[in-house]
Amino acid sequence: MLKPHRVVLDKVSSYTDEAAAFMRRRRHQRREFVRIRFQSGAESDLPVDGAGARRISEAARRLIELG
Amino acid sequence: MADTNRKTSGPGPDNPGPQAALVDAAARVLENLAELEPELVNAGIFDRNLEAVCVTSASPDWPKQAVALLEALDSSSGEEVFDSAHIAETDGEVFAVTEEGLSLVAVTGRFVLASLTSYDMRMALRDAARAASSSGDVEPLDNGENGGSEDA
């Protein structure tokens, strides 16, 4: 039989694991990106801190705000 | 999102605007697209000169921002020819697809099925281009620049 403090430790660690997984999922889901596909079939994820991606994101954000 | 705003300024000697058949076809395919995509917020179709053919948003700034987006996408494509784009922001997503000389920009909610949305948009553009071409009012749109990919 497990000692009582082991049970508590297991419980706490399982909760923290769940919380960490939730935060990872949330971070991933809130990730912003700009993905362009070209006629050649190539695809490019623009670096979010680049000038091109910033310009595209800005226009997209305004469109979303306008509804 | 059933209301569509035909953004033509009317035919005239100085500004013939997009052809009437194309405008009607664009309005129809945007309504169909709204039925297919429950998360669709607004959408607009633009011709090869980036003039709005038909948009669903009532905001006068919407077409301007959509054109700014298309120009930014084009300039960011470098030597490649821009075909489609998917931009995810925290409050929504924006899709842009070019096909047969037409461009469709759509704003959707977050976490839509990207490939399905792009496919529906491409089919909508093909439908609009086909309807406009078959009416005889519009010359068939070539498959040259911005002709779209064949794999959708």
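Student: How many residues of chain A are in contact with chain B, and how many of chain B with chain A?
Tutor: Welcome! This is a predicted model, where local features need pLDDT of at least 70, side-chain atom pairs count only at pLDDT 80 or more, and totals for interfaces use all residues. Residues are numbered from 1 along each chain, and chains are lettered from A in the order in which they are written. Taking contact as heavy atoms within 4.5 Å, the count is 26 residues of chain A and 40 residues of chain B.

Student: What area is buried between chain A and chain B?
Tutor: The size of an interface is often given as the accessible area lost when the parts come together. That loss is found with a 1.4 Å probe and summed over both parts. Carbon and sulfur atoms give 59% of the total here, which is about 2700 Å².

Student: Which strand of chain B pairs with β1(A)?
Tutor: Strands are DSSP runs of E with at least two residues, numbered from the N terminus, and two strands pair if DSSP finds at least two bridges between them. In this pairing F33(A) stands opposite A88(B). The two strands run in the antiparallel sense over six bridges, and the partner, residues 82-89 of chain B, is β4.

Terms used. Side-chain values use heavy atoms; hydrogens and water are left out. Buried area is the accessible area (1.4 Å probe) that two parts lose on being put together, summed over both. Helices (H or I, at least four residues) and strands (E, at least two) are DSSP runs, numbered from the N terminus.
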